[in-house]
Amino acid sequence: MSDTLIWLVAIPLAGALTTLLLPRIADAVVMAAGLATAIAAGTLLYGVGTQGAMIYEIGGWSAGLGIALRADGLSALLLMMIALVMLPASVYSRTYFSKAAERARFWPLWLLLWTALNALLLSGDLFNLYVTLELLGLGAVALAALGGGRAAVEAALRYLLVGLLGSMMFLAGVSLIYAGYGTLDMTALARIVEPGPVAGTALAMMTAGLLLKSALFPLHFWLPPAHGSAPAPVSAVLSALVVKAAFYLVLRLWLEVFADAVTPAAANLLGVLGAGAVLWGSWRALRAERLKLLAAYSTVAQLGYLFLFFPLLQALPPGPARELAVGGLVLLALTHGFAKAGLFLAIGIVQHHSGHDTIRELDGTAQRLPATTFAMALGGVALIGLPPSGAFLGKWQLLAGAVATGQWLWAAVTLIGSLLAAAYIFRVLGHAFGHQAYPNRAVTVASEEWPALLLTTMAAVVLGLAGAPVWRLLENGL
Amino acid sequence: MLTAQLLYALTGCLIMALGLRTALLHASLLRRVVAINVMGTGVFMILLAIAYRGPELAPDPVPHALVLTGIVVAVSATALALALARRLNAEHADE
Amino acid sequence: MNWDAWLPLAIVASSLLPGLVIFFMREGSHGLRTVLNLTGAVLKLVLVGVMIWGVFHEHVYETRWTLAPGLDLVLHADTLSVLFVTLSTVLWLVTTVYAIGYLENAPHRSRFFGFFSLCVSATVGLALAGNMFTFVIFYELLTLATYPLVAHRGTPEAVRGARIYLAYTLGGGAVLLLGAVWLQVIAGPVTFVEGGILDRLPVEVHPQLRVIFLLMLIGLGVKAALVPLHGWLPQAMVAPAPVSALLHAVAVVKAGAFGIVRLVYDVYGVHFAGQLGLLAVLGTAAAITIIYGSVMALFQDNLKKRLAYSTVSQVSYIALGTAILGPLGTIGGVVHLVHQGVMKITMFFSAGNYAETLGIHKVSEMNGVGRRMPATTLAFSVAALGMIGIPPVAGFVSKWYLGLGAIEAGMAGWVMPVLIASSVLNAAYFLPILYRAWFRTAAPAWPAEHIAAGRFETSGSLLWPPVVTAMLALAAGLFAAAPYSPLEWAILIAQREYAL
């Protein structure tokens, strides 16, 4: 069973190499690799759910000298999310990139990205995290530059430089930790880290680097341009998965490795930045002229919600209330992943259909593509945090935690953010009502619209109604 | 007491800080890429300093492995950055 | 199969599933769509009938699904939910028939009927909600399902009206959510229990409970159109007539009022609420709304707008009844849930008929319409008389009990003037309409006449619904003492609430 850990890294990697060497069968290879990875992720989730956390030591070298892959409830859930997002997005990409030459360049990078994501989530020690983080960054940058044209390359280059800066700071923090404690294994560190200047400085440096990579306000400036020119599937994974991976690292570091070293002031700082992200991101999304920029700023805002949890988790003593909050946080992250991916795929369909994604001129397109519009609506519902989406449950926990600890500011920010999100989502959806004749068939381009619908339905309905196991799974870990 | 180890570590920090400053402040693309590389070198120096375990023991191999990996990563990243910069130049030249 | 656990879910599903299917149907297939719609409606009616019988005999029907630790989705049938579910189901059936006729040859019917069904599913789910968490979920779902209906016509005014509607209802929803979360943090899962569950909490939290009540009252008051949160209602008149009928008689406005009833009776408990001084707040808000709505209605020439303000006023009778401590007041308020629904829907159906058949939108255009469309105008008249409170139409029964309840509770001093004043105002803005319709001669030509096929004044599916609901309004008043009448059911609810 613990073999699934290495399969999750090996399969997409092998797929990436195969598609690079044999471009003619690339489409089939991608589908096969994707399916296999998804099955492995599912098996892992089931395994973690029944047996608890799992470890796989590569090459048989034990932790300390060797590289250990580790999976607990949190990583298993995120791995499943990644697989369930990448698979429909792969189907979508087959149609989106109509020319075989485009696909031949796309698939290797795509699968490499998947490999990096999986490896990052499975890493058990800090240095492996650094390597996979870099791999992720390089893959994402290359994909973002695929859009071609000056804007895309510029945005990709900015993303790369920002990412490198972040990675360097992260590495500096890692070195400091090694200097102070002599080990890089995360579980071991969780036991021995004490509050003090070493831990504090290391945490600060690593967090600073990760905040750059997860686009937390005010370090989010690279995200909207990168999205604006990237192809739709790339935007989808960038917003839904890549920045989520960086956030996952912040979560691991703050809640597990450095749990004893975190101070309320530091947690509050993250909360304040998160609040800034929610308000600023939502405001910019409201003023956005293009759908892609709206979605990009929405990502900035949604990540802010995730960071709002930190002051709450700091203030809640360990116990059921804290576990509820953590579960809410994870569910919110999962929902956003699916919703944002589906939204970007839908925006891609709109762009293909009408050649642009300007919101003001959306009328005809929105009405001629009912399935796409419905997908956007479902995604929007999940982003606003309305029931029955998983985000509603997450926000409930956020509000409950804020009320319970008396931190009313975060509650107010959450509600205002939701209302702003409603404003910018319904601004778009208003264009779906007009005078164009209803097309006879609801679904126009099946292979593009069904993935979008599937992803947004996951976010808006499935995670909300079937989200209870998340809490149970997280008991085996954080 | 200013031992050799401490000296190396402090120098590493200084180099890192210099690299960081240039990366943040200067606009020129090539400068930024070089600055980030310099930053990386600073971090590697810190790691080297950490590896020293005294005159009797051999240095700790783990930080050395980290430095080697780090160099590889930095080289690949720089290559990508330069490739993109070249592409950008080409786009500029076309206009 | 354990029926008791499945019945509430089945009632919600009986409109949800057809609705989802209808979304994907082609525009042209009206036959199949009509069959789906009506099958769902009839099936729901049958299931509700089973539920009525069961609840009367103290069966427990409950569907429970855990969404998160401590957060259960619960659909539970008690006397109050049965009242609202029955109202929704019966009126949905009637409105579906009406809508099929009204929207003949209109575009986007699949989308309309899809959201229509979702709207009813949300309403029924809200009625069956067994705890505050579930209620909040369906409350928001109702907002989502009704927005596309308000915006349906797609004109700039429609989109704008829908946006205003959304701003109000989502804002209210956010406030309600805050209150609900806060309450759950203090008191644990807030299950709806007759007599309320909050009186057992320690005295230190009483100030918080007061604030929570206010928050939730604001949240619920938006949908229930309590002044000054009522601004969306006149704007939402841009919706097609079946939507206005549904929104104002059954779904949205009633959901808010129903929520207030639940809040006072099954969360706080009416005695505890009185103790905390909250009934006075509610009563004041209700009284202000009743008078304000009626006064504003006087000045409206647009028929639907006049009916909208009348709704603002009338729904607050329910809140008023809730604010009166004592079983008689409760009975008056609760039974008005049903009575107002049936009467108002009749009036909106009639207004829709006037607009569709004769192009009439304004009261000033209604001269002599009684001669041209006698059945519709007769239905309208019956409902109007009921609104004013003239026996034997149902509205009289509600007002009678409200008055009695006020006297019993010692609040006659300010409730009676409000009741009398509003009845006078109702007369002032309804009687002139009746006078115009029956006794004035018609203008030479109607604004936009469509001669209906057949010998009736308008097409069958537009004609029968208002006639049926008018007869129901009359029957609810005449046969108020019969078993299973709305009044008897309200008495049952009051008995269980006050543990008599």
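Pro392(C) sits in the loop between α16 (374-388) and α17 (394-409) of chain C; helices here are DSSP runs of H or I with at least four residues, strands are runs of E with at least two, and both are numbered from the N terminus. The peptide bond joining Pro391(C) and Pro392(C) is cis, with omega about 0°. The model is predicted: local features need pLDDT of at least 70, side-chain atom pairs count only at pLDDT 80 or more, and totals for chains, interfaces and linings use all residues. Residues are numbered from 1 along each chain as its sequence is written, and chains are lettered from A and ligands numbered from 1 in the order in which they are written.

Chain A also has a cis bond, from Pro387(A) to Pro388(A), with omega near 0°. Pro388(A) is in the loop between α15 (370-384) and α16 of chain A. Most peptide bonds are trans, and most residues other than glycine have a negative phi.

Two residues of chain C have a positive phi without being glycine, as tabulated here.

A residue is buried if 20 or more other C-beta atoms lie within 10 Å of its own, exposed if 12 or fewer, and partly exposed in between, with C-beta atoms placed from the backbone.

**Contacts between chains**

Of the two pairs of chains that touch, A and C have the most contacts; residues are in contact if their C-beta atoms, placed from the backbone, lie within 7 Å. Chain A gives 31 residues to that contact and chain C gives 34 residues. On the side of chain A, the elements giving two or more residues are α13 (320-354), α16 (390-404), α17 (408-429), α18 (446-465) and α19 (468-474). That side has 23 nonpolar, eight polar and no charged residues. Here Ala, Val, Leu, Ile, Met, Phe, Trp, Tyr, Cys and Pro count as nonpolar, Asp, Glu, Lys and Arg as charged, and the others, Gly among them, as polar.

The contact of chains A and B takes 22 residues from chain A and 24 residues from chain B. On the side of chain B, α1 (4-25), α2 (29-51) and α3 (61-94) each give two or more residues, with the largest share, 14 residues, from α3(B). Chains B and C do not touch, and their nearest C-alpha atoms are 42 Å apart.

Helix α6 (residues 149-181) of chain A packs against α2(B) at about 10°, with the axes 10 Å apart; axes are lines fitted to C-alpha atoms over the stretch in contact, and angles run from 0 to 180 degrees between N-to-C directions. The two helices are therefore roughly parallel, a term for angles under 35 degrees. Residues of α6(A) in this contact include Leu161(A), Met168(A) and Tyr178(A), and those of α2(B) include Arg32(B), Met39(B) and Ile50(B). By class, the contact has 14 nonpolar, two polar and one charged residues.

**Chain B**

Chain B has three helices and zero strands. Its C-alpha trace spans about 65 × 25 × 10 Å along the principal axes. Of its 95 residues, 32% count as buried.

Technical notes:
Angles under 35 degrees count as roughly parallel, over 145 as roughly antiparallel, 65 to 115 as roughly perpendicular and the rest as oblique.
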